[in-house]
Amino acid sequence: NSEDQSNYSSLLSSITYSPMGILHSKIKNSDYPNKKHGFGLLVPPDHSESVIGTIFTSEMFPDRIDTDYTLLTSFIGGSIYPEKADLRDDSNIQIALQELQQLINLSSTPELIKATYWPHAIPQYRPYHKKVITELLQIENTHPILLHGNYLDGTSIPHQVRRSFEVGGKIGITLTNMGNTYASNRIQNTL
């Protein structure tokens, strides 16, 4: 009914998110004399004005770029610098690329490949969040709706995979029950 829909909508709208910019760039290895090998880096707030972390993508996926380059994926903004997350603004892109140059100690600025802005990227688990999720899951248990998303129980890939299996299992049970009901109705109609 419309009251349930309004409550559901209100609960979902109460979840706050931090914006995030995702900046894909590349650097020539010749401009990176002290190349670091590893997953990436997290940047303490007092060392940056926009970059909160960078993954050395080509360290994990070396076939994604020519061996003369290093591929980077950087996370910009978040709850620390929300105004810098909007990478539709070229000045925010330039600030982030210059920071990367300094943070990684490069002789030149990384070359931009792609910039993306996610205005609602990371759910913020405020003190009332658990109550909101409990109410949403109660709605899920009493209505024909299934919930999935990083707002439920975590933003990590393992959290999302686990929830995907849970939701997939519920869909499978529902379809099986629907199929059994359909088959049962067909049998009854033929008698």
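Author: Two strands pair if DSSP finds at least two bridges between them, and strands (E, at least two residues) and helices (H or I, at least four residues) are DSSP runs numbered from the N terminus. The model above is predicted, so local features need pLDDT of at least 70 and side-chain atom pairs count only at pLDDT 80 or more, while totals for chains, interfaces and linings use all residues. Residues are numbered from 1 along each chain as its sequence is written, and side-chain values use heavy atoms, leaving out hydrogens and water.

Reader: In what order do the 5 strands of the open sheet stand?

Author: Strands of a sheet pair through backbone hydrogen bonds, either parallel or antiparallel. Here the order across the open sheet is β2-β3-β4-β1-β5, with antiparallel pairing. Because β2 (40–42) and β5 each have a single partner strand, they stand at the edges, and one side of each is left without a neighbour in the sheet. Neighbouring strands are turned against each other by 20 degrees on average, direction ignored, where angles run from 0 to 180 degrees between N-to-C directions and axes are lines fitted to C-alpha atoms, for helices over the stretch in contact.

Reader: How many bridges join β1 to β4?

Author: There are 9 bridges between β1 and strand β4 (residues 69–77), which run antiparallel, and in this pairing Leu 23 is opposite Ser 74 in β4. Strand β1 (residues 17–28) also pairs with strand β5 (residues 111–123), again antiparallel and over 9 bridges. Opposite Tyr 17 you find Pro 123 in β5, and opposite Ser 25 you find Leu 112 in β5.

Reader: At what angle do the axes of helices α1 and α4 cross?

Author: Two packed helices are described by the angle between their axes and the distance between the axes. For helix α1 (residues 2–13) and helix α4 (residues 129–142), the axes cross at roughly 145 degrees and come within 10 Å.

Reader: Which residues in α1 and α4 meet?

Author: Contact means heavy atoms within 4.5 Å; Asn 7, Tyr 8, Leu 11 and Leu 12 in α1 meet Val 132, Glu 135, Leu 136 and Ile 139 in α4. By class, this contact has 6 nonpolar, 1 polar and 1 charged residues, with Ala, Val, Leu, Ile, Met, Phe, Trp, Tyr, Cys and Pro counted as nonpolar, Asp, Glu, Lys and Arg as charged, and the others, Gly among them, as polar.
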